[in-house]
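Please keep the structure open beside you as you read.

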Amino acid sequence: MDYYWELTEVTNKTIDYAFEGKFRLDMYEYLKSCKFTKGDIQTFLESDTAKSITLLIYDLEDYLEGGSDSMHQQLREAYGHLGKPEARKIKNYLEKILQDCWRYEKEKRTRKRRKPSK
């Protein structure tokens, strides 16, 4: 069974929870417990969901940087209700989600060596 859709749904809910100040999911442990395949993770990392997480991270970085141009004004309107400490927590959490996926995918790429039989 292809668990990609389940992973996408869980991730989208996790993002919503993060903006409510709830950081519940440890992505790496979730991936391990559900035994996702390398293919599922690769598909997820190339998906629109992962791309939108990356864009959210960039937006939050720009919001935290601040500035007076029109782009930063739009970001203040979009994320100003969070406050910078909360925005920083969300950004770090989203980065960890992607890092956990990359880490899990990398571990799935490496083959485990068998001990030679005697």
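1. A word on terms to begin with: helices (H or I, at least four residues) and strands (E, at least two) are DSSP runs, numbered from the N terminus. Please bear in mind that this is a predicted model, where local features need pLDDT of at least 70, side-chain atom pairs count only at pLDDT 80 or more, and totals for chains, interfaces and linings use all residues. Residues are numbered from 1 along each chain as its sequence is written, and side-chain values use heavy atoms, with hydrogens and water left out.

2. The overall fold. The protein chain has six helices and zero strands, so to speak an α-α-α-α-α-α order from the N terminus on. Its C-alpha trace spans about 70 × 25 × 20 Å along the principal axes. The radius of gyration, taken over C-alpha atoms, is compared with a globule rule of 2.2 Å times the number of residues to the power 0.38. For 118 residues a compact globule would come near 13 Å, but the protein chain has 17 Å.

3. Accessible areas come from the Shrake-Rupley method with a 1.4 Å probe, and for residues only the protein chains shown count as cover. The accessible surface of the protein chain comes to about 8100 Å², and 49% of that belongs to carbon and sulfur atoms. A residue is called buried under 20% relative accessible area, exposed over 50%, and partly exposed in between (1.4 Å probe, protein chains only). Of the 118 residues in the protein chain, 36% are buried.

4. Contacts and charges. Contact means heavy atoms within 4.5 Å. Take the contacts in the protein chain between residues at least 6 apart in sequence: 73% of them join residues at least 24 apart. For charges, Lys and Arg count as positive and Asp and Glu as negative, while His and the chain ends are not counted. Each charge is placed at NZ of Lys, CZ of Arg, CG of Asp or CD of Glu. The 23 positive and 21 negative charges of the protein chain have mean positions 12 Å apart.

5. Helix α6. This helix covers residues 84–109, which makes 26 residues, and reaches 37 Å from its first C-alpha to its last. That is close to the 38 Å expected at 1.5 Å a residue, where the expected span is 1.5 Å times one less than the number of residues. Its buried residues include Ala87, Ile90, Tyr93, Leu94, Ile97, Leu98 and Cys101. An α-helix has 3.6 residues a turn, so residues three or four places apart point the same way. What do the buried residues of α6 pack against? They pack against α1 (4–18), α2 (27–34), α3 (38–45) and α4 (48–65).

6. His72 in α5. This histidine lies in helix α5 (residues 70–79) and is buried, with a relative accessible area of 7%. Leaving aside neighbours within four places in sequence, His72 is in contact with Asp62, Glu65, Gly66 and Gly67. His72 and Asp59 are 13 residues apart in sequence and 9.1 Å apart in space, C-alpha to C-alpha.

7. Two loop residues. Lys35 is in the loop between α2 and α3 and counts as exposed at 65% relative accessibility. Please look at its backbone: Lys35 has a positive phi of about 55° although it is not a glycine. Most residues other than glycine have a negative phi. Glu20 is in the loop between α1 and α2 and is exposed, at 51% relative accessibility. The C-alpha atoms of Glu20 and Leu31 are 23 Å apart, with the two residues 11 apart along the chain.
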